[in-house]
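Colleague: I've got this chain up on my screen and I'd like to talk it through. Can you walk me through the overall build and how some of the helices pack?

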Amino acid sequence: MTGPARTTPTRAPASGGATGAHLLLVEDDEAMRRSVAANLAAHGYRIAEAPDAAEAIRRWDAERPDVILLDLGLPDAEGTTIIRRVRREATTPILVLSARGAEPDKVAALEAGADDYVTKPFGLAELRARVAALLRRTAGPNADPTGTIRHGSLQIDVTRRIATVDDQLLDLTPREYELLRTMLAQPGRLLTKARLLRAVWGTAYADEGHYLHVYVSRLRRKLAAADRDGTMADLIVAEPGVGYRVAEAPDPDA
Ligand code: CA
């Protein structure tokens with residue numbers, strides 16, 4: 001279990017340039033897992049590896065990856081168990097790594113909430129293309145085709161996992177980034193505290209409204225520090241007792 005005090009030091013800040021979307025690769029075949037992980041890392045992704053369902057769920061809870069790559073045949077549980085668990089908490093894309101001829105398994109995985117699949121043996125270029133497509137989709141309908149959300153002077157590039165204000169990189173922790181991305185993907189929409197807590201921290205945290213308060217304060221401070229024209233001060237609007245909403249994006253022609 002991780003709270004605000006324990007989540008911040010676990011990953012390098014975004015300011016070093018070593019950014020990249022965070023992928024969780026769940027695969028019990030060690031040779032395959034290692035080679036896929038090495039290839040994705042060489043293309044700028046940060047990879048967490050899990051050889052079984054227990055480790056996958058532990059890492060899901062602790063790290064909230066951007067995309068999950070999931071082998072269905074795991075030693076300790078069916079992969080669909082992981083899909084259902086993740087879907088209770090978040091819309092994080094899940095790409096199934098499926099065995100040839102396992103059509104019923106593929107269908108079961110998609111019905112449980114997986115987003116896409118590749119069939120083994122798959123090409124690494126195809127795998128990377130699917131991952132990139134899933135990442136772009138996480139940016140929501142307001143993103144451009146490259147997966148960048150623009151909201152006034154704020155930009156979030158979901159494939160590189162970076163946020164900037166007035167072209168200045170924001171140094172965000174993983175959960176701060178996730179909270180900002182979740183809110184920016186749905187501008188104008190009122191997001192209840194429980195919904196945000198489930199999306200960013202998990203179901204077990206749905207009543208921990210103080211986390212949200214602390215993280216929104218930090219986000220506002222970081223946004224304000226990079227902001228040159230003062231427009232970020234009104235970005236995150238509190239709806240007392242209910243939640244938060246991000247103001248609609250300003251009209252770029254206004
Ligand atoms: Ca397997």
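Colleague: What does the secondary structure of the protein chain come to?
Modeller: Remember that we're looking at a predicted model here. Both kinds of element turn up in the protein chain, and the tally is 9 helices and 12 strands.

Colleague: What is the radius of gyration of the protein chain, and how does it sit with the globule rule?
Modeller: For 254 residues the globule rule gives 18 Å, and the chain's own value is close to that, so the chain is as compact as a globular protein of that length. Its C-alpha atoms fill a box of roughly 55 × 35 × 30 Å along the principal axes. The radius of gyration itself is 18 Å.

Colleague: What share of the residues in the protein chain is buried?
Modeller: Buried here means under 20% relative accessible area. Taken over the 254 residues of the protein chain, the buried share is 49%.

Colleague: Which way do helix 3 and helix 4 run: roughly parallel or roughly perpendicular to each other?
Modeller: Helix 3 covers residues 53–63 and helix 4 covers residues 79–89, and their axes lie 10 Å apart at an angle of about 15°. Angles under 35 degrees count as roughly parallel. Helix 3 and helix 4 are therefore roughly parallel.

Colleague: Which residues in helix 4 does helix 3 meet?
Modeller: The helix 3 side brings Ala53, Ala56, Ile57, Trp60 and Asp61. By class, this contact has 6 nonpolar, no polar and 3 charged residues. On the helix 4 side, the partners are Ile82, Arg85, Val86 and Glu89.

Colleague: And helix 7 with helix 9: roughly parallel or roughly perpendicular?
Modeller: Helix 7 (residues 174–184) and helix 9 (residues 209–226) pack with their axes 10 Å apart, at an angle of about 85°. Angles of 65 to 115 degrees count as roughly perpendicular. That makes helix 7, relative to helix 9, roughly perpendicular.

Colleague: Which residues of helix 7 make the contact with helix 9?
Modeller: From helix 9, the residues taking part include Leu212, Tyr215 and Lys222. By class, the contact has 8 nonpolar, no polar and 4 charged residues. From helix 7, the residues are Arg175, Glu176, Leu179, Leu180 and Met183.

Colleague: Is Arg58 buried or partly exposed?
Modeller: Arg58 sits in helix 3. Its C-alpha atom is 14 Å from that of Thr203, 145 residues apart along the chain. With a relative accessible area of 45%, Arg58 is partly exposed.

Note on methods. Residues are numbered from 1 along each chain as its sequence is written. This is a predicted model: local features need pLDDT of at least 70, side-chain atom pairs count only at pLDDT 80 or more; totals for chains, interfaces and linings use all residues. Side-chain values use heavy atoms; hydrogens and water are left out. Axes are lines fitted to C-alpha atoms, for helices over the stretch in contact, and angles run from 0 to 180 degrees between N-to-C directions. Helices (H or I, at least four residues) and strands (E, at least two) are DSSP runs, numbered from the N terminus. Angles under 35 degrees count as roughly parallel, over 145 as roughly antiparallel, 65 to 115 as roughly perpendicular and the rest as oblique. Contact means heavy atoms within 4.5 Å. Ala, Val, Leu, Ile, Met, Phe, Trp, Tyr, Cys and Pro count as nonpolar, Asp, Glu, Lys and Arg as charged, and the others, Gly among them, as polar. The radius of gyration is taken over C-alpha atoms; the globule rule is 2.2 Å times the number of residues to the power 0.38. Buried means under 20% relative accessible area, exposed over 50%, partly exposed in between (1.4 Å probe, protein chains only).
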